[in-house]
Amino acid sequence: LLDNSTRYLVMDIIGEGGFGLVVKCLNLITGKTTAVKIHKNGESKSILWELEMLEAIRSLDTEKKNIIKFIEDFKCHDCSCLAFEMLDKSLWDLMDEEGMPLSLNEIRPVTQQLMVAFEALKGLGIMHLDVKPDNVMLVNHKDQPFRIKLIDFGLAHPVGALETGTEMQVLAYRAPEVMLGLPLSEAVDIWGVGCIMAYMYFGDHLFPFECKYNWMRTLLHLLGQPEEDQLNDAMYTWKYFSKNLEDAVEGWSEKQDGIEYEDTMAFLSLLKGCLHVDPARRICSGEALKHRFITMAHLVDEMGTSSYVDAALQLMTVSYLIFKHRQWCCCWTSTHTLLKQ
């Protein structure tokens with residue numbers, strides 16, 4: 001891949017979609033490994049729009065704000081190309097490899113970093129509009145466990161730029177206001193974060209990609225509800241017959257001690273805040289960053305005495321705000337002082 005000022009050696013294909021390809025390249029000028037997104041449609045309106053969003057995001061410190069670094073754009077053989085820093089693997093890939101849900105201590109740093117990213121985008125008045133596990137990338141999972149960055153701004157738009165009723169997002173991560181045709185705001189992305197939180201917790205998508213609920217509705221209509229003992233023993237009862245989200249979250253975990261149960265309730269509180277059906281009442285990223293599930297204020301008295309809390313603290317050091325500036329530790333100190341008063 002080359003133009004007048006750029007030289008890339010294609011090493012591998014790492015992704016493919018309707019837009020074109022994502023390839024792993026060696027930048028022959030800098031010697032760095034780079035991810036290049038190749039749009040097959042040349043100068044289409046969607047590509048120009050994505051480039052405009054990426055240029056706006058360039059004003060941010062992408063390391064601090066947990067957003068992929070955009071390097072440059074160029075053309076090659078009538079294809080528009082976008083070059084980005086090379087990252088490790090997606091959250092979806094990690095979950096697929098692990099084959100099991102993540103712990104709350106692993107969910108927390110991912111959630112915190114996503115909220116930092118969306119707080120930064122909110123400051124620019126930008127909606128991402130494609131929040132899903134595929135677009136959350138681990139930076140280097142071996143050396144920096146659960147350090148993540150948000151990628152793919154192909155559907156991003158300024159707040160207020162989209163016509164009401166525009167349909168977007170994959171079904172499993174689509175916000176109610178999109179489904180109902182209501183005006184959209186940054187709250188759309190917080191709904192997506194809530195769905196990702198649930199995905200990490202349950203090890204499966206909270207909402208279906210294809211409407212399995214229609215299948216269950218037909219069963220109930222034709223044959224009635226399964227017997228109570230069947231529902232009690234079945235693995236996936238929670239997907240279709242949980243009374244509410246509280247039942248689903250509490251019923252999913254194995255028996256917990258007091259500290260873990262309190263942490264689960266903190267997780268549930270933030271999850272419900274992210275998944276509020278009314279976007280006007282949905283928690284915003286700034287509020288979420290102060291929520292006790294993120295700050296761990298409810299665990300402060302157990303520092304040094306609980307292996308669970310110590311593990312939580314260790315995993316949260318992946319956050320840039322903690323690792324580089326220790327602001328989170330200051331939050332711990334302030335919270336601890338307040339709790340002792």
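Arg108 sits over the face of Phe293, 4.6 Å from the ring centre. A charge counts as over a ring if NZ of Lys or CZ of Arg is within 6 Å of the ring centre and within 35 degrees of the ring normal. The model is predicted: local features need pLDDT of at least 70, side-chain atom pairs count only at pLDDT 80 or more, and totals for chains, interfaces and linings use all residues. Residues are numbered from 1 along each chain as its sequence is written, and side-chain values use heavy atoms, with hydrogens and water left out.

**Aromatic cluster**

Phe293 also belongs to a cluster, which ring pairs form with Tyr201, Phe202 and Phe267. The whole structure holds 6 aromatic pairs. Rings of Phe, Tyr and Trp (its six-membered ring) pair if their centres lie within 6.5 Å; planes under 30 degrees apart are stacked, over 60 edge-to-face, the rest tilted. Tyr201 and Phe202 make an edge-to-face pair, because their planes stand at 85° with centres 5.1 Å apart. Phe267 and Phe293 are edge-to-face too, with planes at 65° and centres 5.5 Å apart. This second pair links distant parts of the chain: Phe267 lies in helix H11 (residues 258-274) and Phe293 in helix H13 (residues 292-295), 26 residues apart. Helices (H or I, at least four residues) and strands (E, at least two) are DSSP runs, numbered from the N terminus.

Buried means under 20%, exposed over 50%, partly exposed in between (1.4 Å probe, protein chains only).

| Residue | Relative accessible area | Class |
|---|---|---|
| Tyr201 | 4% | buried |
| Phe202 | 2% | buried |
| Phe267 | 0% | buried |
| Phe293 | 0% | buried |

**A histidine in a loop**

His141 is in the loop between strand E8 (136-138) and strand E9 (148-150). At 16% relative accessible area, His141 is buried. A polar atom of the His141 side chain lies 3.3 Å from the backbone nitrogen of Phe146.

**Nonpolar surface patch**

Leu171, Met179, Leu180 and Leu182 make a nonpolar surface patch of about 380 Å². Patch residues have over 30% relative accessible area and no salt bridge; nonpolar side chains are joined within 5 Å. A salt bridge is a side-chain nitrogen of Lys or Arg within 4 Å of a carboxyl oxygen of Asp or Glu. Leu171 is in the loop between strand E10 (157-158) and helix H5 (176-180). Its relative accessibility is 33%, so Leu171 counts as partly exposed.

How values were computed: Patches are made of residues with over 30% relative accessible area and no salt bridge: like charges are joined within 9 Å, nonpolar side chains (Val, Leu, Ile, Met, Phe, Trp, Tyr) within 5 Å. Accessible areas come from the Shrake-Rupley method with a 1.4 Å probe; for residues, only the protein chains shown count as cover. A polar contact is a pair of N or O atoms within 3.5 Å; within protein, one must be able to donate a hydrogen and the other to accept it, and residues adjacent in sequence count only if both atoms are side-chain atoms.
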